[in-house]
Amino acid sequence: MASTSSNEKSPSPPPLSAAPSLPTTTSPATTFLIAALGTPITTSSISVTLPTGQPFYTCTLQTISKPHVNITSSSTGAQVGTIIFHAFSRSMTLAVFKKDGGRDEIEISNKHVFKSGYQYQSPTLAAEVEWKSFGEGTSVLIDGSGTVVARFNNERWNAGKERTLEVVDVEGREDVVLEALVGAIAIMESRRRNAKNSIITAGVLGV
């Protein structure tokens, strides 16, 4: 039997996959800056601004009362979306409000126990899509044909840090942009809640 030298270095793990970029289109992508102030425990709101700094949406967070996230227009106060998290579940319910007064309800879940990412049936794209996570803290929304629809820089929690969401232009459709935005906020808030629970658990256990 061949022996292995104690000085022989173990092979390095393969590098993490890089997140794909947005496809090139004739129209520029819609870009939002998303930020939350405070710690994972004290945060009560999330702001969504344009790159110019203009406030665009405000997200109010609730710990117990539903919806857990209420998204409103910063200029008119109109409700544009809500998010509900389900206890003891890897799923969330998103509601995206439309200009005609209706709304799309979306069940988004992680169907793969040992993989990160969320899948759902998109009413705007009429296909199953997935928010897929990559190692550098980026989440990418990919449609059924493998095309990148949105890219979200969702790094680990850092108070006040702005996260960038870019949504590709899909025939100028604002409903696609809003659906991607609500999904990105849901993923961000889910991560904050997980961090909050870990901090509380560690405090209780004295870790």
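**Notebook: cores, rings and a hairpin**

I started with Ile83 and listed its contacts (heavy atoms within 4.5 Å): leaving aside neighbours within four places in sequence, Ile83 meets Pro67, His68, Val69, Ile71, Thr93, Leu94, Val182, Ile185 and Ala186. A note to myself on the source: this is a predicted model, where local features need pLDDT of at least 70 and side-chain atom pairs count only at pLDDT 80 or more, while totals for chains, interfaces and linings use all residues. Residues are numbered from 1 along each chain as its sequence is written, and side-chain values use heavy atoms, with hydrogens and water left out.

**Cores**

Next I looked up the nonpolar cores, each a set of buried Ala, Val, Leu, Ile, Met, Phe, Trp, Tyr and Cys residues joined through side-chain atoms within 4.5 Å. I took buried as under 20% relative accessible area, exposed as over 50% and partly exposed as in between, with a 1.4 Å probe and protein chains only. The largest core holds 42 residues, and Ile83 is among those with the most contacts inside it, together with Ile34, Ile71, Trp131, Leu165, Leu181 and Ile185. Helix α1 (residues 174-205) supplies the largest share of this core, eleven residues. Another core, of five residues, lies apart from it and includes Ala19, Val140, Ile142 and Val148.

**Thr82**

I then moved to Thr82, which sits in strand β5 (residues 79-85). Is Thr82 buried or exposed? Thr82 counts as buried, at 8% relative accessibility. Not counting residues up to four places away in sequence, Thr82 touches Pro67, Val69, Asn70, Thr93, Leu94, Ala95, Phe97 and Val182.

**Rings**

How many aromatic pairs does a search of the whole structure find? The search finds three. My cut-offs: rings of Phe, Tyr and Trp (its six-membered ring) pair if their centres lie within 6.5 Å; planes under 30 degrees apart are stacked, over 60 edge-to-face and the rest tilted. Phe32 and Phe56 make a tilted pair, 5.7 Å centre to centre with 45 degrees between the planes. This pair links distant parts of the chain, as Phe32 is in strand β1 (residues 30-36) and Phe56 in strand β3 (residues 55-61), 24 residues apart. I checked burial too: Phe32 is buried at 3% relative accessibility, whereas Phe56 is partly exposed at 29%. The ring centres of Phe32 and Tyr57 are 6.4 Å apart and their planes stand at 45 degrees, so this pair is tilted. Tyr57 lies in β3 and Phe32 in β1, so the pair ties together parts 25 residues apart in sequence. Both Phe32 and Tyr57 are buried. I noted that ring pairs link Phe32, Phe56 and Tyr57 into a cluster.

**Hairpin**

I also followed β6 (residues 91-97) and β7 (residues 103-109), which run antiparallel and are joined by seven bridges; strands pair if DSSP finds at least two bridges between them. Thr93 stands opposite Glu107 in β7. Their hairpin has five residues between the strands, and Gly101 takes a positive phi near 100 degrees there.

**Whole chain**

Buried residues make up 40% of the 207 in the chain. Of the contacts with a separation of 6 or more, 39% are between residues 24 or more positions apart.

Technical notes: Helices (H or I, at least four residues) and strands (E, at least two) are DSSP runs, numbered from the N terminus.
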